[in-house]
Amino acid sequence: MFDLAFMMRNLPYLQEGLLVTLQLVALSITGALTGGALVAACTLSRWRVLNGLGRVYIEVMRNTPVLVQIAILYFGLPSIGLYPSAVLSAVLALSMQNSAYIGEIYRAAIQSVSIRQTESALALGMTSWAAFRHVVLPQASRRMFPPLGSQAIFIIKDTSIASTIAVAELTHTGKLMLDRSGAPYEVFLMIALLYLLLTSSVFLLVKGLEHRFPVKA
Amino acid sequence: MVLYQSANGSPSQAGRPGFFAASARSGAQSVRRLAGWLVAASMLLAAPALAMESRLDTILKRDKLIVSVMSTSAPNGFIDEKGELTGFEVEFARLIAKAMLGDPNKVEFMVTSVDGRFPSVLSGKADMGLSSVTRYPDRAVRLAFTTPYMDSGTAVVVRRDAGIKSLEDLNDPRVTLVAGNSTAMVDRAKRYAPQAKALFFDGDTAAALALKSGRANAYQADLAMAKWTVAQNPDDFELLPGLLGNINGNSVFMKPGDFPLWLAVDTIVQEYVSGSRYDEYRELYRKWYGSEPPAQRFYTVK
């Protein structure tokens, strides 16, 4: 029953969708990494207002489904006269939710570097920014790679949700192919393999980074 | 049961034919071996016979029909204010159960999205589907269709403020034409409005929402659904006169290759739509569409 020839024949037709998915992935990961830095800056801040804002943002973003966030941005904003495009809505929702997670990853990694290191650096006459930049950050960033890698994998998989607001990405293209062919196993397997290809390249990248920048005991 | 054993195994084990046993055998062993071959051969013959058993028998034995329907395709299949699954197709599925099993309540519904409707029967999870599926020749290769249970066609709903007055007006770059994500919808958009921006959503609910929220100014849908959408929003929406393409039909669909099941369901559908149970069909049709179904015969029976 399983039709390998069908898969070989139709794989090229998923190319356009794959490119849109790659675009969503690149924009969302960039957005989430940047947004995460802002969130971590808030939660690590000494100012209580900023700190509180960061915490509220994290809780709201983490505790609502990304599908709902996308629907609010795409279908909800028009009622107040804003019309973000479908791609923008998807990228915004994915960036917003993941910046909450990534902000926490940054914060945990930074706080895992012993406070004594900062104290020593300050005692040596470094400014607090220099201590952060040259002592804390190099150590913290090495500890961020594995959790950031899994977060990137979540983002890649979640881009499929953009198909619900008519973004013609990989899943959307696949569903259309499924409708034309009526071959669910073959189509879903092809889609799954392409996602696996994307996620495993991220996995390899993270492994490489971990190898290049090992955590020193 | 064990059908073979290794050369090292004991050939005299009761009831177990030794296909690879040592060559020296008594007469009794030969008889036993022959019996073993017969058992094996009969099982080989029985295996395809089992596989060919019609799903119709399975349904009758199960005493319940499993039907794949949609819940986002009013008025054919949707969730009403009481939170119950209903609609023309859901109720028609009950009529099929009534004809097959003698009880309209002997149905288990499996709700799918637009993209889940074909896999639901092809995977064998549901016996058949009634999911606003139009029969098309290219779909006939992968699915078994019955005679249509209703006429269908593709109509276009537009926003009243869009200034679109005819189907010809759709072919304009200022038009955003939305629909559920199906190949037929994509093909129609390319064919009738190649200049318009076309978007395809998970289902009709989302596509209609895009029209309502002002994301789009035109929405193509099955005629019944298009009429329903306009009836829900008469102040904002209107129906364009005419159809995109030819009149076609919505059919019950099944996994192909099961003739007894297909024949039974097709006969039942025909009996409702134009035969002995036409009155029940007409009542159902009036209830959901507020109009008369096509006459039982186009000529007068004397």
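# Chain B strands and the A/B interface

User: In β5(B), which residue is the bridge partner of B:Val67?

Analyst: Strands here are DSSP runs (E, at least two residues), as helices are (H or I, at least four), each numbered from the N terminus. β1(B) and β5(B), residues 107-112, pair in the parallel sense over six bridges. Within β5(B), the partner of B:Val67 is B:Phe109.

User: What pLDDT do local features need in this predicted model?

Analyst: Residues are numbered from 1 along each chain as its sequence is written, chains are lettered from A and ligands numbered from 1 in the order written, and side-chain values use heavy atoms, without hydrogens or water. The model is predicted: totals for chains, interfaces and linings use all residues, side-chain atom pairs count only at pLDDT 80 or more, and local features need pLDDT of at least 70.

User: Which residue of β6(B) stands opposite B:Val69?

Analyst: Two strands pair if DSSP finds at least two bridges between them. β1(B) and β6(B), residues 128-130, have three, in the parallel sense. Opposite B:Val69 stands B:Leu130.

User: Why is β1(B) largely enclosed by the rest of the structure?

Analyst: Buried means under 20% relative accessible area, exposed over 50%, partly exposed in between (1.4 Å probe, protein chains only). B:Leu65, B:Val67 and B:Val69 point one way, B:Ile66, B:Ser68 and B:Met70 the other, and all are buried. In a regular strand the side chains alternate between the two faces of the sheet. β1(B), residues 65-70, is largely enclosed because its buried residues number six of six.

User: In β4(B), what is the bridge partner of B:Ile79?

Analyst: β3(B), residues 77-79, pairs with β4(B) in the antiparallel sense over two bridges. The partner of B:Ile79 is B:Leu85.

User: Is B:Val230 buried or exposed?

Analyst: B:Val230 lies in α7(B), residues 223-232. Contact means heavy atoms within 4.5 Å. Beyond its neighbours within four places in sequence, B:Val230 touches B:Val157, B:Phe237, B:Glu238 and B:Leu239. Its relative accessibility is 15%, so B:Val230 counts as buried.

User: How many salt bridges are counted between chain A and chain B?

Analyst: A salt bridge is a side-chain nitrogen of Lys or Arg within 4 Å of a carboxyl oxygen of Asp or Glu. A:Lys175 and B:Asp115 meet in one (3.5 Å, N to O). The count between the two chains is four.

User: Which element gives the largest share of the side of chain A that touches chain B?

Analyst: Elements giving two or more residues are α4 (66-76), α8 (170-181) and α9 (184-212) of chain A. The largest share is seven residues, from α8(A).
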